[in-house]
Amino acid sequence: MAKNKSILQSDRSYCYLCGRNGNGDPLEKHHIFGGNPNRDKSEKYGLYVWLCGIRCHREGPVSVHKCSLTSLRLKIDAQKAFERTHTREEFIQEFGKSVLT
């Protein structure tokens with residue numbers, strides 16, 4: 001599957017959530033919609049961001065893998081970005097449901 005650039009983040013030099021540059025906590029790629037086949041679809045549509053590996057991605061108390069509100073925030077941002085060039089119906093067809101309704 002062809003890889004596309006993130007449609008949420010212009011470059012990978014900073015954490016999407018906190019803005020840090022990854023110095024001391026290297027940035028990791030986070031696919032906003034995970035699992036099969038949604039991880040591949042996130043890659044296809046550029047629905048991923050770069051996050052501080054420990055603090056914002058995996059281990060921090062409000063990290064995307066520990067906090068459902070952080071995860072929801074990213075899903076909302078991703079769907080809004082997707083809908084700048086696609087319809088809501090296309091989003092639902094690809095990802096199963098809308099997080100905006």
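The model is predicted, so local features need pLDDT of at least 70 and side-chain atom pairs count only at pLDDT 80 or more, while totals for chains, interfaces and linings use all residues. Residues are numbered from 1 along each chain as its sequence is written, and side-chain values use heavy atoms, with hydrogens and water left out.

**Overall form**

The secondary structure comprises four helices and two strands, in the order β-α-β-α-α-α from the N terminus. Helices (H or I, at least four residues) and strands (E, at least two) are DSSP runs, numbered from the N terminus. The radius of gyration, taken over C-alpha atoms, is 13 Å, which agrees with the value near 13 Å for a compact globule of 101 residues; the globule rule is 2.2 Å times the number of residues to the power 0.38. Along its principal axes, the C-alpha trace spans about 40 × 25 × 25 Å. Buried residues make up 42% of the 101 residues, where buried means under 20% relative accessible area, exposed over 50%, and partly exposed in between (1.4 Å probe, protein chains only).

**Helix H1 and its cover**

The buried residues of helix H1 are Asn-38, Lys-41, Ser-42, Glu-43 and Tyr-45. Their cover includes the elements in the table.

| Element | Residues |
|---|---|
| Strand S1 | 27-31 |
| Strand S2 | 48-52 |
| Helix H3 | 68-82 |
| Helix H4 | 88-95 |

H1 is followed by Gly-46, whose phi is positive, near 75 degrees.

**The nonpolar core**

In soluble globular proteins, nonpolar side chains tend to be buried together. A nonpolar core is a set of buried Ala, Val, Leu, Ile, Met, Phe, Trp, Tyr and Cys residues joined through side-chain atoms within 4.5 Å. The largest one here has 21 residues, and Leu-8, Leu-47 and Leu-51 have the most contacts inside it. S2, H3 and H4 each give two or more residues to this core, and S2 gives the most, with five. Contact means heavy atoms within 4.5 Å; beyond four places away in sequence, Leu-51 touches residues including Cys-15, Leu-27, Val-64 and Leu-74.

**An exposed glycine**

Gly-96 lies in the segment after H4 and is exposed, with a relative accessible area of 58%.
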